[in-house]
Amino acid sequence: MTAQTTGTKPRRITYREAMREALREALRSDERVFLMGEDVGRYGGCFGVSLGLLEEFGPERIRDTPLSESGFVGAGIGAALGGMRPIVEIMTVNFSLLALDQILNNAATLLHMSGGQLAVPLVIRMTTGAGRQVAAQHSHSLEGWYAHIPGIRVLAPATVADARSVLAPALADPDPVLIFEHGGLYNASDDPDPSAGPVDIERAAIRRSGTDATVVTFGGCLPKALAAADQLAGHGVSAEVIDLRSLRPLDDATIMSSVARTHHAVVVDEAWRTGSLAAEISARITEQAFYELDAPVERVCSAEVPIPYAHQLEEAALPQAADIVAAVRKAVG
Amino acid sequence: MPSLGADMDEGTLIEWLVHPGDHVERGDIVAVVETAKSTIEIECFDTGTVGRLLVEPATTVPVGTPLAVIEDGAKAPAAASHQAAARRGAASAQMSAPAASPAPAPSVPVPAGRKPAEVSPILRHLAHELHVDLAAVLGTGPGGRITHADIEHASRTRRTRPRASPLARRVAGELHIDLGRVHGTGKNGVIRAEDVRAAAAPSAPAPSAVPAEDAPPRQPPAPRAAQPDRAAAMRRSIADLMSRSKREIPHYYLAAEIDLDSALNWMRERNRRLEVADRLVPAALMLKAAARALTEVPELNGYWLNDRYVPGAGVHLGVAISLRTGGLIAPALHDADRLPLSELMSALRDLTSRARAGRLRATETADPTMTVTNLGDQGVERVYGVIYPPQVALLGLGKVTERPVAVDGLLGVHPGVTATLAADHRASDGAVGARFLTALDRLLQKPEEL
Amino acid sequence: MKADHTATARGARGTSGSKQARSARRRPAAAKRQPHAAREATDHRRELLRQMLLIRRFEDRCVELYSAAKIRGFVHLYIGEEAVAVGVNQALTEADAVVATYREHGHALARGVPADSIMSEMYGRSTGCSGGRGGSMHLFDAARRFYGGNAIVGGGIPLACGLALADRMRGENRVTCCFFGDGAFAEGEFHEVANLAVLWRLPLLLVCENNLYAMGTALSREHAQTDLALRAASYGMPAWPVDGMDVLAVEAAARRAAVAVRAGGGPCFLEARTYRYRAHSMYDPDRYRDKAEIERWKSRDPIDALADAVRAEGEPAGFVDEIAQKVDAEIDAAVQSAEQAPLEPVEGLLRYVTSPAETS
Amino acid sequence: MTRDEALDLVRDAIRRIVPDADFSAVGLDEPYRDALELDSLDFLTLVETLHKRTGVRIDEDDYPKLTTLAACADFLASHTG
């Protein structure tokens with residue numbers, strides 16, 4: 001068996017291992033929990049997250065599915081209604097479109113349509129994002145689409161610590177929770193504090209404090225935003241970096257109180273700009289903190305193009321630290 | 001046509017910034033006037049409703065000519081609504097029986113509150129493109145409809161709404177600062193909160209004269225083609241004024257060497273801790289000292305009018321600023337004696353940049369109580385100045401140079417400046433002038449108290 | 001279209017389903033030898049008749065109330081298909097689960113969801129079975145394990161699959177019964193679930209209500225192979241058609257299937273060949289089928305057929321009217337209750353989007 | 001920043017203060033303030049602009065190092081690394 005979660009000493013683990021430990025802990029602590037998805041068992045997960053879990057928990061609870069996204073996501077919803085605590089892994093957000101009907105029309109609506117009778121305690125995990133030269137059909141960032149939907153919670157753990165910590169509260173939520181794991185983060189490593197306790201999945205996290213500009217981001221863009229903040233410090237600009245962590249509901253309070261301190265806001269989102277989560281956040285800032293703004297809200301998003309294969313093209317299409325630096329400098333003037 | 005300086009006999013109305021029916025408050029900028037020296041925004045000194053505009057743009061009229069009628073605030077709404085009713089009546093009459101009544105004059109204002117729905121989408125788009133507020137546009141088309149030309153006209157003549165950030169607006173509201181008087185340092189001149197605070201808070205930095213990064217150099221509003229004429233006119237105007245001065249004013253001259261050692265040491269220490277924008281220049285120190293000296297010697301702070309001396313209402317130092325296009329202008333640094341140094345510094349930078357941009361305000365050109373001319377930067381040792389009538393004195397400052405001084409019986413090298421006073425002997429005698437220079441010297445020895 | 005008729009006629013007469021029906025009809029003769037058993041059988045048939053009449057007359061009233069604008073939105077009527085819901089439900093216990101479609105008034109009533117809570121739901125009242133948030137297409141009753149009320153064609157099938165999966169993982173000996181139509185049979189979700197359910201041997205009873213039209217598209221225009229049971233069987237599960245106009249045949253087929261499912265052998269598939277008399281939704285142009293076809297199906301009306309059979313067993317001539325009166329009284333009470341029920345207050349608009357925060 | 005870039009930046013900054021500055025008349029090693037008539041306020045504005053655009057802190061003690069265009073460029077180039 002691979003890395004165990006025992007011991008309280010901090011030690012360096014990857015995002016992938018952190019997620020695996022969280023899964024293992026959940027499977028051990030609640031027999032209603034099971035993991036279902038394409039290649040989660042024998043293959044060990046497309047991204048290796050569930051490696052070794054089949055051996056420990058068996059094929060009933062580490063359940064390989066056929067390539068039937070709508071079928072097995074719907075089955076996860078039904079199983080949740082039937083008293084289980086399913087964790088459904090959709091290999092990537094790109095394939096989640098085949099299950100969109102189930103997520104939107106069933107998972108998100110059943111509680112409401114039934115007048116409060118049917119809650120759906122389901123967790124859906126999926127990989128998201130670009131940056132690995134896998135071209136247009138495998139590089140989507142559609143978190144914002146899901147964050148559009150009332151009735152579901154959308155989380156985007158961006159740090160190793162969050163990867164370790166968000167699953168438990170997600171499973172404890174009586175309603176559907178979508179967890180987006182950016183593919184570029186799996187190999188990130190850190191020493192999460194084992195005594196940190198459960199994470200408040202309602203709240204955004206301030207990953208770096210600053211006084212001149214608020215950079216709001218999430219998921220795979222967080223490391224870029226932090227790198228940008230380092231560079232900005234060299235230019236004498238102190239950027240505060242907010243990791244949204246929860247894309248729905250949005251933690252308006254943390255964003256607005258930061259903007260009230262810095263008076264400049266830059267939103268960084270790997271999705272396309274048009275109709276993006278960045279647009280939503282920008283709109284909220286103008287709604288709620290208009291009179292705190294000393295400059296227009298800036299957005300750094302992906303170019304409006306299907307994500308191309310070639311490295312240099314892909315890099316150019318995606319938000320980069322330099323773009324964030326430029327946007328912050330533009331905002332602070 | 002207000003008098004915008006003693007040398008002004010006539011002015012050209014460049015544009016109206018208000019329209020008949022507009023409510024104006026005392027202090028609002030209502031028009032732009034071009035004088036021989038500068039393009040100046042003129043303020044209105046009454047509160048009420050703009051009635052008729054008596055002078056068309058591009059018309060030159062003598063000082064004292066009424067430009068517009070401001071109606072009493074109480075009567076104005078009635079008049080406006082009467083006009084509105086008349087307008088509606090005229091419009092409907094015109095529609096039902098075109099020949100029955102004469103068409104209304106095209107310049108009759110459209111009643112406020114007209115529905116923008118009457119504007120076609122194309123014109124609406126144009127208005128949007130040109131940042132024209134349709135509610136403020138006078139319609140001159142049939143039935144008072146807004147035409148293409150109206151919007152273009154409005155775009156050309158509208159009073160520019162200050163481009164300010166939301167925070168800047170909020171801060172301006174809190175600090176009771178008129179955004180129209182704040183110089184924006186943001187992109188394209190956008191006013192940001194720090195600009196407002198700078199305009200308000202004595203301790204704030206003074207970024208106002210700093211050109212915004214990437215912003216094009218500010219252009220004077222007048223067409224460039226007018227520049228040579230303007231320069232020539234200014235030359236003539238200076239010629240007239242200085243001739244009058246030398247003809248009428250019996251000047252006397254005094255000079256004093258002032259040791260700036262402690263002043264400049266203090267300044268250097270202070271600047272060391274500060275960002276560039278907050279640093280002082282020696283001129284600011286000397287201006288402040290001059291202003292304070294004038295409060296001690298008020299006989300030099302005022303005007304010679306109708307054969308007698310009239311003291312100024314405050315210490316408004318005229319600051320002689322040479323323009324890059326040639327010529328000279330000396331707008332007022334209002335209440336310079338009461339401005340804390342940092343604020344005086346920012347005001348100085350603001351005044352200089354606006355003078356060079358041709359955007360001075362009427363009161364700034366009209367009422368300096370004494371002028372200071374500093375030619376030190378040009379390498380001059382001593383200035384023998386010519387007084388600006390009707391002022392009664394002019395302080396000249398030369399170059400700050402290292403010079404030998406006796407200190408406690410020893411010879412030392414200190415920075416120093418030669419201050420000269422040109423004063424009107426009708427208004428004061430040499431002893432008064434001497435008191436002024438002595439005070440100036442004394443004040444500059446204790447810079448921390450300035 | 002004619003091909004469909006003959007197919008259905010053949011299905012009605014020549015399948016094992018109709019054999020079941022015939023054997024059921026033979027029972028009265030046996031009952032004479034066993035009066036107590038005969039009485040029970042007759043009572044059961046009277047109950048089936050009552051349920052079908054309740055559905056029929058409830059929906060007749062829906063038409064009236066829709067025309068009077070008391071009910072709005074989409075309302076899909078089950079009239080003509082009553083035998084399927086009523087018959088299948090006889091094979092289910094209270095512990096079993098039902099997932100239905102948007103044409104589900106009949107399934108809800110057969111499941112025992114009270115008429116007044118359904119009517120109130122269609123009135124958008126607080127007392128509606130979904131608190132006024134669902135309407136005609138989204139009837140829910142968690143206590144009766146009635147899971148809707150799903151208005152995306154095929155959308156309920158994966159849900160039923162998951163309910164069955166949960167039962168299987170928890171070791172519950174329960175059946176999840178999923179109703180869907182011939183239109184849903186064309187959806188990928190049906191085929192995904194058919195595969196999954198067999199693969200995982202889930203306790204799932206798939207009941208395809210083949211009413212010959214996916215909205216306005218005839219079966220033969222949407223399916224290359226119109227024998228749906230045959231196709232379902234290809235996934236490796238028992239599958240057979242039954243005459244959906246014969247409630248006793250449906251009941252018998254469903255019981256047989258339920259027994260198989262409960263035994264743990266995995267899912268079963270029933271194709272109930274039936275017909276809706278009315279439009280797809282409340283009204284439609286009916287350009288896609290001719291009146292004569294509708295009349296032919298009406299001549300095989302499941303309620304009339306059962307009434308005739310029960311009368312033949314010696315019930316008095318007026319017994320149907322007697323049942324109808326009771327049913328009407330229930331419906332009247334439901335309408336009256338809906339009329340008087342409070343409207344769901346607008347202040348509660350945002351309720352039930354997410355679960356209320358735990359108070360602990 | 002290279003010296004050439006720094007030189008361009010200095011010229012650009014001066015041009016913002018003196019829009020029609022004629023650099024052809026100012027040798028790189030000549031005092032530009034006199035030639036271009038930059039008074040002390042203008043010079044302060046120049047220092048401020050250079051600081052803003054390069055991030056280089058320029059103290060008053062550094063002013064004597066900024067007397068010619070070449071000196072300005074050298075100063076900036078050496079401080080921006």
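Once neighbours within four places in sequence are left aside, V266(A) is in contact with A213(A), V215(A), E298(A), V300(A), I324(A), A327(A), V328(A) and A331(A), where contact requires that the C-beta atoms of two residues, placed from the backbone, lie within 7 Å. The model is predicted, so local features need pLDDT of at least 70 and side-chain atom pairs count only at pLDDT 80 or more, while totals for chains, interfaces and linings use all residues. Residues are numbered from 1 along each chain as its sequence is written, and chains are lettered from A and ligands numbered from 1 in the order in which they are written.

V266(A) also belongs to the largest nonpolar core, which has 229 residues; V266(A), V215(A), I324(A), V328(A), C161(C), C178(C) and L205(C) touch the most other members. A nonpolar core is here a set of buried Ala, Val, Leu, Ile, Met, Phe, Trp, Tyr and Cys residues joined through C-beta atoms within 7 Å. A residue counts as buried if 20 or more other C-beta atoms, placed from the backbone, lie within 10 Å of its own, as exposed if 12 or fewer do, and as partly exposed in between. Helix α11 (residues 247-262) of chain C gives this core its largest share, 10 residues; helices (H or I, at least four residues) and strands (E, at least two) are DSSP runs, numbered from the N terminus. Because domain 1 (3-190) and domain 2 (205-332) of chain A both give residues to the core, it lies between them, the domain bounds coming from an automatic or database domain assignment. A second, separate core holds 103 residues, including V24(B), V50(B), L394(B) and A73(D).

Turning to the interface of chains A and C, 35 residues of chain A are in contact with 35 residues of chain C. On the chain A side, α3 (69-81), α5 (100-107) and α6 (110-113) each supply at least two residues, and α3(A) provides the largest share, 11 residues. By class, this side has 15 nonpolar, 17 polar and three charged residues, with Ala, Val, Leu, Ile, Met, Phe, Trp, Tyr, Cys and Pro taken as nonpolar, Asp, Glu, Lys and Arg as charged, and the others, Gly among them, as polar.

Chain B contains 11 helices and 19 strands, and 42% of its 450 residues count as buried. Strand β18 (residues 401-407) of chain B lies largely in the open, because the number buried among its seven residues is zero. β18(B) pairs in the antiparallel sense with strand β19 (residues 410-424) of chain B over seven bridges, pairing being assigned if DSSP finds at least two bridges between two strands. Within this pair, E402(B) stands opposite P415(B). The hairpin has two residues between the strands, and D408(B) takes a positive phi near 50° there.

Helix α1 (residues 3-17) of chain D has 15 residues and reaches 21 Å from its first C-alpha to its last, close to the 21 Å expected at 1.5 Å a residue; the expected span is 1.5 Å times one less than the number of residues. The buried residues of α1(D) are A6(D), L7(D), L9(D), V10(D), A13(D), I14(D), R16(D) and I17(D). Their cover includes α2 (32-36), α3 (40-54) and α4 (69-80) of chain D.
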